Amino acid sequence: MEVRKLKIEMEEIRLSNYAFAEQFKRRTKSFALRVIKLFRALPSTADAQILGKQLLRAATSVAANYRAACRSRSKAEFSAKIGVVLEEADEAQFWLEMLEESEIVAANRLIEIKKEVAELTAILTTIKKNAPKK
């Protein structure tokens with residue numbers, strides 16, 4: 001049985017593929033829920049709402065598409081779907097940067113969520129790199 005590693009608070013834990021997938025599903029869903037809460041706290045200005053909706057779409061797509069990838073019928077389909085998840089995570093990271101750099105949200109309020117999306121992106125990059133193409 002293939003085993004993957006997941007870093008949790010600087011500690012490596014070896015998990016089976018199934019356990020990893022279940023834990024990562026929960027993690028991506030938690031990320032999406034955190035973004036929903038952030039969106040609800042944004043100012044009602046047009047720029048904040050536009051950037052917030054883009055972030056909301058990308059972050060919820062990470063969780064939804066990761067679940068879809070876990071239901072893939074082939075290795076090629078899994079690889080393609082993980083590519084979509086990775087793109088959405090990278091996009092969510094971009095929108096968080098935009099909220100910060102446009103000074104809509106103070107940088108100190110985004111530290112943890114930016115750290116989380118960076119970790120998700122790194123994990124997804126590794127999964128994509130190691131996913132068989134055929």
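**Reading a helix packing**

Guide: Start with two helices. Where H1 passes H2, the crossing is left-handed. Keep in mind that the model is predicted.

Visitor: At what angle do the axes of H1 and H2 cross, and within what distance do they come?

Guide: Read the two values together. The axes come within 9 Å, and the angle is roughly 165 degrees. H2 covers residues 46–70.

Visitor: How is H1 oriented relative to H2, parallel or antiparallel?

Guide: An angle over 145 degrees counts as roughly antiparallel. H1 is therefore roughly antiparallel to H2.

Visitor: Which residues of H1 and H2 meet?

Guide: Look along both helices for side-by-side residues. On the H1 side, Phe20, Phe24, Phe31 and Phe39 are among them. Ala21, Ala32, Val35 and Ile36 of H1 also take part. On the H2 side, the residues include Leu55, Leu56, Ala59, Val62 and Ala63. Tyr66 and Cys70 of H2 are also in the list.

Visitor: How many nonpolar, polar and charged residues does the contact of H1 with H2 have?

Guide: Sort the residues by class. This contact has 16 nonpolar, 4 polar and 4 charged residues.

Visitor: Let me step back. How many helices and strands are in the protein?

Guide: Count the elements, then read their order. The protein has 4 helices and 2 strands. From the N terminus on, the order is β-β-α-α-α-α.

Visitor: What share of the residues counts as buried?

Guide: Buried means under 20% relative accessible area. Of the 134 residues, 39% fall in that class. For the accessible surface, the total is about 8,200 Å². Carbon and sulfur atoms account for 54% of that surface.

Visitor: Among contacts between residues at least 6 apart in sequence, what share joins residues at least 24 apart?

Guide: This value tells you about separation along the chain. Here 63% of those contacts join residues at least 24 apart.

Visitor: Back to H1. How does H1 sit against H4?

Guide: H1 runs over residues 17–41 and H4 over residues 107–130. Their axes come within 11 Å and cross at roughly 145 degrees. This crossing is left-handed.

Visitor: Which residues meet there?

Guide: From H1, the list includes Phe20, Phe24, Arg27, Arg34 and Leu38. From H4, it includes Glu112, Ile113, Glu116, Leu120 and Ile127. By class, the contact of H1 with H4 has 13 nonpolar, 1 polar and 6 charged residues.

Visitor: And at what angle do H3 and H4 pack?

Guide: The angle is about 160 degrees, with the axes 9 Å apart. H3 and H4 are therefore roughly antiparallel to each other. Their crossing is left-handed. The contact has 15 nonpolar, 5 polar and 4 charged residues.

Visitor: What does Gln93 touch, not counting residues up to four places away in sequence?

Guide: Now read the contact from the other side. Gln93 lies in H3. Its partners are Val117, Ala118 and Thr121. Gln93 and Ala59 are 34 residues apart along the chain, yet their C-alpha atoms are separated by 8.8 Å.

Visitor: How does Met98 count on accessibility?

Guide: Met98 is also in H3, which covers residues 75–101. Met98 counts as partly exposed because its relative accessibility is 29%. Its C-alpha atom is 9.6 Å from that of Gly52, 46 residues away along the chain.

Visitor: Is Lys37 buried or exposed?

Guide: Exposed means over 50%. Lys37 is in H1. Its relative accessible area is 59%, so Lys37 is exposed. Lys37 and Leu56 are 19 residues apart in sequence and 9.7 Å apart, C-alpha to C-alpha.

Visitor: Last one. Where is Glu103 found?

Guide: Glu103 is in the loop between H3 and H4. Check the backbone as well. Phi of Glu103 is near 65 degrees, a positive value in a residue other than glycine. With a relative accessible area of 71%, Glu103 is exposed.

Note on methods. Residues numbered from 1 in each chain as written. Predicted model: local features only at pLDDT ≥ 70, side-chain atom pairs only at ≥ 80, totals over all residues. Heavy atoms only, no water. Axes fitted to C-alpha atoms, helices over the stretch in contact; angles between N-to-C directions. Left-handed = near helix turned anticlockwise from the far one by under 90°. Contact = heavy atoms within 4.5 Å. Nonpolar A, V, L, I, M, F, W, Y, C, P; charged D, E, K, R; others polar. Parallel < 35°, antiparallel > 145°, perpendicular 65-115°, else oblique. Buried < 20%, exposed > 50% of the residue type's maximum accessible area, 1.4 Å probe, protein only. Areas by Shrake-Rupley, 256 points an atom, 1.4 Å probe, with all protein chains shown as cover.
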